[in-house]
Amino acid sequence: MKRTRQIGWLLLSLITLAALGAGVWAPADYATQFREMPNSPPSHQHLLGTDELGRDRFSRVLYGTRVSLLMAPAAALLSTLLATLVGGIAGYLDGWWERAAMGVADLFLSMPWLFLLLAVRAMLPLNVAPITSVAVTFLLLGLLGWAASARVLCAGARDLRNSDFVLQARASGVRGLRLLAIHVVPNLKPVLLAQFWISIPVFIISEANLGILGLGVAEPLPSWGSLLRELESFTSFGFEAWKLVPLVLLVLVVSSFQIVLSADEGYA
Amino acid sequence: MGKLIRRAAAMAAIVVVGGLLSATLVRLAPGFDVDEQQLDWRLNSDSVEALRQAHSQDRNVTAFYLHYLTRAVRGDFGQSRTLHRPVRELLAQRLPVTTRLAGLGLLAGWLCAVLLAVGATMARRAACDVAATLLSGIFLSVPAAVLALLFTFADAPAYLAIALVVFPKVFSYTRNLLAKSYASPHLVTAYAKGISPVRILIWHVLPVVGTQLLAVAGISVSIALGAAVPVEALCGIAGIGQLAWQAALGRDLPLLVNLTALVTVITLAANWGSEFAGQRFRTVAA
């Protein structure tokens, strides 16, 4: 189990490193067009060939990986913070607050995730600048993905509220925000971290789904979702295997997250 | 009976509150009260003013929502802005398609997941377990939209794409339940006494695991409906998933809100149905 976990971490580190250094390794900018060679196969100049607009696919994969791998954790951070705020405080306060907060969480959880994303994404302008589309997509994921984590955190906070050391702290006169900040939240850290890590692959896959459906990151900025849209014109596994590189990377990253997370579960 | 009524009331409350939130978001969405017809150069100022007046009643969120609710009670869900057809008609036409697609996908996904989980657990070999877990892990990492594209490319039935989205989630849950069940002392004793594995599975494992699996049945309906969006959109199937995608691209918000409400009702009904079935199953088993 330890070896598998190490392999998972190694893969994640290598892919993240490659994506972070996109500006160094990429032979061209993600938007630069080589108009004389659209849809060209892999060559020395273009390691993964070019897309239909003549852009270097290898560079776009590197930059796209950077967008997806940096923004998904940012969205996960936002959703975990929201979950802490809603779930943690609701569990700590108990009573009416808890019922109301969990009612809202139930409302979010009662809608299929993709339907919810689609509905809320459509309520925002679709024709926006590429950089705005990145912000909108991942903000949406972060703002809508808190409900499941909030339920877990609420249960955790409820357990802590009734624990001996919190009762002892209360008896010693520690109350309100101080009790929450010093005794409750630090003890929720393992749950918070778990929820954060679990959210990342979920958001990566959600962005990919939205991107393929044309509701994610806008062109010319690449992300795994927009890169995978190329599969719509996929004709052969043998002759166009290089088009599958973004998919292979995505599967590797999400699988590595699963391995690392399941190994963590095993240790716990 | 009282519990059922309470459940139905809670479901209605969730739908009404969810609808109000959606209506608020729709009302606040940029460009909501702008009608493209107002830009038509052939219309005179009176006609444009008449169009503005027609939209003016929608400016107040509460009035807009109450108006929508009273019409919805009568079965009138409004008109689609992009398709120019009554939403009710569109839903009646498209819902059976999605029900069939998602139903077949759920059936195939559950069948694969349960059979593979039972096989991997009963084989009692690490290699089988690792292979099955690896397979489900790979499908768990592939977005539903990619599966839909690959199935379109392979010219394979679209419901299999939904099955592959449902499969890994049901498999991992079933496998964990079975592993836990097989590790219990009474089953270890049964094995030691030489009772056949099939007998153990049918008489001792499935009744225990079955009730817990029913809880996932409701969740898997939600997963299948979510997966129906990219599958229908990319495989060109005219169901409510494709309709939702078209509505999102065309910013047909009234249609989208109705679709979301409908899917929420189906999901809630499926969750509570599976919970109710689980309770009945436990009562009968006891």
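Predicted model: local features only at pLDDT ≥ 70, side-chain atom pairs only at ≥ 80, totals over all residues.

Modeller: Residues are numbered from 1 along each chain as its sequence is written, while chains are lettered from A and ligands numbered from 1 in the order in which they are written.

Biologist: What makes two residues count as in contact?

Modeller: Their C-beta atoms, placed from the backbone, lie within 7 Å. In that sense 37 residues of chain B are in contact with 32 residues of chain A. On the chain B side, α11(B) gives the most, with seven residues; helices are DSSP runs of H or I with at least four residues, numbered from the N terminus.

Biologist: Why is α10(B) called largely enclosed?

Modeller: A residue is buried if 20 or more other C-beta atoms lie within 10 Å of its own. Eight of the ten residues of α10(B) are buried, so this helix is largely enclosed by the rest of the structure. Among them are B:Ala244 and B:Trp245.

Biologist: What makes a set of residues a nonpolar core?

Modeller: Its members are buried Ala, Val, Leu, Ile, Met, Phe, Trp, Tyr and Cys residues joined through C-beta atoms within 7 Å. The largest such core has 116 residues, and A:Leu118 and B:Ala244 are among those with the most contacts inside it. Leaving aside neighbours within four places in sequence, A:Leu118 is in contact with residues including B:Ala244 and B:Trp245.

Definitions and conventions: Helix = DSSP H or I, 4+ residues; strand = E, 2+ residues; numbered from the N terminus. Buried ≥ 20, exposed ≤ 12 C-beta atoms within 10 Å, placed from the backbone.
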